[in-house]
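Subject: Structure handover

Hello,

Here is the structure for you to look through. Please open it first, then read my notes below.

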Amino acid sequence: SAPPRQRRGRRVRAIAAPVLAAAVMNRPIILLTLLAALVRVVFVGLTSSDSLRYPDAVEYLDIARHIVEGRGFVTADGKLYARGPAYPLFLSAHLVVFGDHELPIRVTQALLGALVVPLTWLLARRVASPTGAFLASLYVALDPFLIYFTGLLLVETLYVLLLGLQVLLLLRLAEGHRFRDAVALGAVAAVSALLHAGHLASLGLMAVVLPFLITGARRWALLAVYVVSATATLFPWIMRNGELSGRFLPVTAKLGRDLFESIGPGATGGPATEYVRWPTGLPGGELARDEALKKECWRAVREEPGRVLGLVPSKFARFWNPVPNYEKFRQPLYLVAATGASLPLFVLGRLGAGLLLRRNLRTGIVFLFFPIAICVLHLVFVGSVRYRLPLHPVLAAIAAVGVDRVTRRAPESRNRLDG
């Protein structure tokens with residue numbers, strides 16, 4: 001037999017060879033990733049953080065500063081349950097390393113944002129040809145919406161990556177029925193919820209859909225592993241909230257406020273803090289106020305169901321608007337850029353979705369799960385292009401199938417669900 005050093009060398013070469021081969025084969029994707037990183041870094045370097053300030057960002061930064069100071073997850077006005085922990089921890093790590101400067105955070109987000117290119121490539125190659133997958137990757141590399149949000153101190157840039165990763169894990173789980181994929185899916189879904197509280201709805205809905213995506217005797221065991229993994233990941237934060245509040249709070253205590261802004265008197269279907277007629281005489285405590293706002297929401301639904309339902313078309317239109325809803329971005333240059341970016345995605349995505357569902361129902365369900373779940377969620381809550389943004393890599397992968405149809409290219413699918 002060969003000496004131990006020679007055997008180790010063979011093992012290293014056996015592991016490294018596929019990686020190197022993949023790197024050579026996907027050299028265009030590597031270059032495209034570098035281009036995406038360059039575009040995003042230049043963007044955040046040329047724009048000031050003050051010009052891209054959102055109210056949510058102020059709250060996230062306040063919490064991050066308080067974490068660094070040892071005061072915990074608390075806002076400037078003393079709220080303990082306003083946000084999930086994932087993004088404040090991400091910000092606080094930068095504050096510890098780089099000091100109280102926002103540019104390093106935005107540069108990190110620019111670099112992370114470039115990872116949508118290989119993510120989209122991996123998704124699209126499951127169902128589309130190399131040409132279609134490359135065009136999908138090129139789209140997300142230069143998508144003006146994705147580029148713009150990398151400069152904002154908001155969760156969207158990280159959420160985009162976690163959402164795409166969940167689609168990949170769903171595909172792997174439906175194909176291979178492996179427990180490690182169920183563990184990873186549960187953990188990533190839970191981290192997504194700790195980043196963006198609205199993802200709790202998708203996390204729960206996945207538990208309903210998984211048994212239909214997985215065939216064979218393992219389906220219930222895999223579902224149990226997914227649930228246990230997600231619960232274990234959420235557990236420390238649930239325990240923290242339970243110890244402080246004495247009640248079950250999976251992520252935040254702002255459901256009442258978000259619902260009232262979405263359906264309360266004066267709601268417009270979009271962000272409407274200044275338009276909504278907030279009830280008077282609300283209790284002062286954070287938790288009591290949230291409960292009171294929930295009751296006001298149910299009262300609004302009971303007393304004015306027609307008005308509440310009438311907001312749904314507006315929310316749908318705002319969610320799928322090809323151009324920004326915000327008046328500040330309605331100048332001709334913004335409108336042309338946004339329309340040019342959105343319409344091909346929508347038209348080819350619609351074509352690709354139909355083809356995916358006809359080709360293999362399970363594959364279609366996996367790719368359409370998050371677009372449908374998140375859209376429906378925002379027919380209840382505020383509708384905005386911002387909340388559609390995390391879907392763009394998935395939508396681009398679906399559109400790649402439409403590209404193949406238009407150009408009459410063979411899909412060369414790598415997805416075993418498609419045979």
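Is G186 buried or exposed? At 0% relative accessibility, G186 counts as buried. Buried means under 20% relative accessible area, exposed means over 50%, and partly exposed is in between, with a 1.4 Å probe and protein chains only.

Two notes on method. This is a predicted model, where local features need pLDDT of at least 70, side-chain atom pairs count only at pLDDT 80 or more, and totals for chains, interfaces and linings use all residues. Residues are numbered from 1 along each chain as its sequence is written, and side-chain values use heavy atoms, with hydrogens and water left out.

Back to G186. It sits in helix α10 (residues 179–195). Helices (H or I, at least four residues) are DSSP runs, numbered from the N terminus. Setting aside neighbours within four places in sequence, G186 is in contact with Y226, S229 and A230. Contact means heavy atoms within 4.5 Å. G186 and L203 are 17 residues apart in sequence, and their C-alpha atoms are 8.1 Å apart in space.

Next, the cores. A nonpolar core is a set of buried Ala, Val, Leu, Ile, Met, Phe, Trp, Tyr and Cys residues joined through side-chain atoms within 4.5 Å. The largest has 97 residues, and Y87, F367 and F370 touch the most other members. Helix α9 (residues 156–176) gives the most to this core, with 13 residues. Another core lies apart from it, with 14 residues, among them L293, C297, L311 and L377. C297 has a relative accessible area of 0%, so it is buried. C375 is buried too, at 7%. The structure holds zero disulfides (pairs of cysteine sulfur atoms within 2.5 Å).

Helix α13 (residues 255–263) has buried residues as well: G256, L259, F260, E261, S262 and I263. Their cover includes α14 (286–303), α15 (305–310), α16 (312–319) and α18 (361–380).

Now the charges. Side chains of opposite charge can pair when their charged atoms come close. A salt bridge is a side-chain nitrogen of Lys or Arg within 4 Å of a carboxyl oxygen of Asp or Glu. The whole structure has 20 of them. Here are three:

- R65 pairs with D62, with the closest N and O atoms 3.8 Å apart. The two are three residues apart in helix α3, so about one helical turn separates them.
- K79 pairs with D77 at 2.7 Å between the closest N and O atoms. K79 is partly exposed at 25%, whereas D77 is exposed at 56%.
- R307 pairs with E304 at 3.1 Å between the closest N and O atoms.

A network of salt bridges links D56, E59, D77, K79, R83, E156 and R386. E59 is in helix α3 (residues 55–68). It counts as buried because its relative accessibility is 17%. The side chains of E59 and K79 make a polar contact of 3.5 Å. A polar contact is a pair of N or O atoms within 3.5 Å; within protein, one must be able to donate a hydrogen and the other to accept it, and residues adjacent in sequence count only if both atoms are side-chain atoms.

Best wishes
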